[in-house]
Amino acid sequence: AFDLPIAIGILAASEQMKNWEAIEKYLIMGELSLDGIIRPIKGALPIAIQARKEGFKGLIVPQANSREAGMVNNIAVYG
């Protein structure tokens, strides 16, 4: 579940993405396969609940997990 956040962190640290400072406000979870496909994770609902408790602005998850994570109120979910 940490493959995608690590890849995004590398891109942000090397300033290869626009507005890279903003990602610290989002919790990012996802499995990144060797061929670049983003695969779903287990436990999207409890992760979303914890992200809301910790005050994150939003949650970035694989598309397959966006419905489950979206059940949590008061946090934006992007998938």
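In helix α1, which spans residues 3-13, the buried residues are L4, I8 and A12; buried here means under 20% relative accessible area, exposed means over 50%, and partly exposed lies in between, with a 1.4 Å probe and protein chains only. These three cover an arc of only 70 degrees around the axis, so they sit on the same side of α1. The arc is that of the directions from the helix axis to the C-beta atoms. Helices (H or I, at least four residues) and strands (E, at least two) are DSSP runs, numbered from the N terminus.

Before going further, a word on the model: it is predicted, so local features need pLDDT of at least 70 and side-chain atom pairs count only at pLDDT 80 or more, while totals for chains, interfaces and linings use all residues. Residues are numbered from 1 along each chain as its sequence is written, and side-chain values use heavy atoms, with hydrogens and water left out.

## What α1 packs against, and what it shows

Which strands meet the buried residues of α1? They pack against β1 (26-28), β2 (31-32) and β3 (38-39), where contact means heavy atoms within 4.5 Å.

I6 belongs to helix α1 and counts as exposed at 52% relative accessibility. Together with F2 and I10, I6 forms a nonpolar patch on the surface, with about 340 Å² of accessible area for the three together. Patches are made of residues with over 30% relative accessible area and no salt bridge, joining like charges within 9 Å and nonpolar side chains (Val, Leu, Ile, Met, Phe, Trp, Tyr) within 5 Å. The accessible areas come from the Shrake-Rupley method with a 1.4 Å probe, and for residues only the protein chains shown count as cover.

Two residues with positive phi turn up here. E15 counts as exposed, at 54% relative accessibility.

N19 lies in the loop between α1 and β1 as well. Its phi is positive, about 55 degrees, and N19 is not a glycine. With a relative accessible area of 54%, N19 is exposed.

In α2, the residues A44, A48 and A51 are buried. Why do they lie on the same side of α2? Because they cover an arc of only 60 degrees around the axis. The face turned away from the buried side carries the exposed residues P46 and K53, while the cover over the buried residues of α2 includes β1, β4 and α3. After α2 comes G55, whose phi is positive, near 85 degrees.

The largest nonpolar core has eight residues in all: A44, A48, A51, L59, V61, A69, V72 and I75. Helix α2 (residues 44-53) gives the largest share of this core, three residues. Such a core is a set of buried Ala, Val, Leu, Ile, Met, Phe, Trp, Tyr and Cys residues joined through side-chain atoms within 4.5 Å. In soluble globular proteins, nonpolar side chains tend to be buried together. Leaving aside neighbours within four places in sequence, A48 is in contact with L59, A69, V72 and I75.

Is N65 buried or exposed? N65 is buried, with a relative accessible area of 3%, and its place is in the loop between β4 (58-60) and α3 (66-69). Neighbours within four places in sequence aside, N65 is in contact with P40, I41 and A44.

M71 is found in the loop between α3 and β5 and is exposed, with a relative accessible area of 60%. Its C-alpha atom is separated by 7.4 Å from that of L45, 26 residues apart along the chain.

A76 lies in strand β5 (residues 76-78) and counts as partly exposed, at 28% relative accessibility. Not counting residues up to four places away in sequence, A76 touches K57, G58 and L59. The C-alpha atoms of A76 and R52 are separated by 9.3 Å, with the two residues 24 apart along the chain.

Conventions: Salt bridge = Lys/Arg side-chain N within 4 Å of Asp/Glu carboxyl O.
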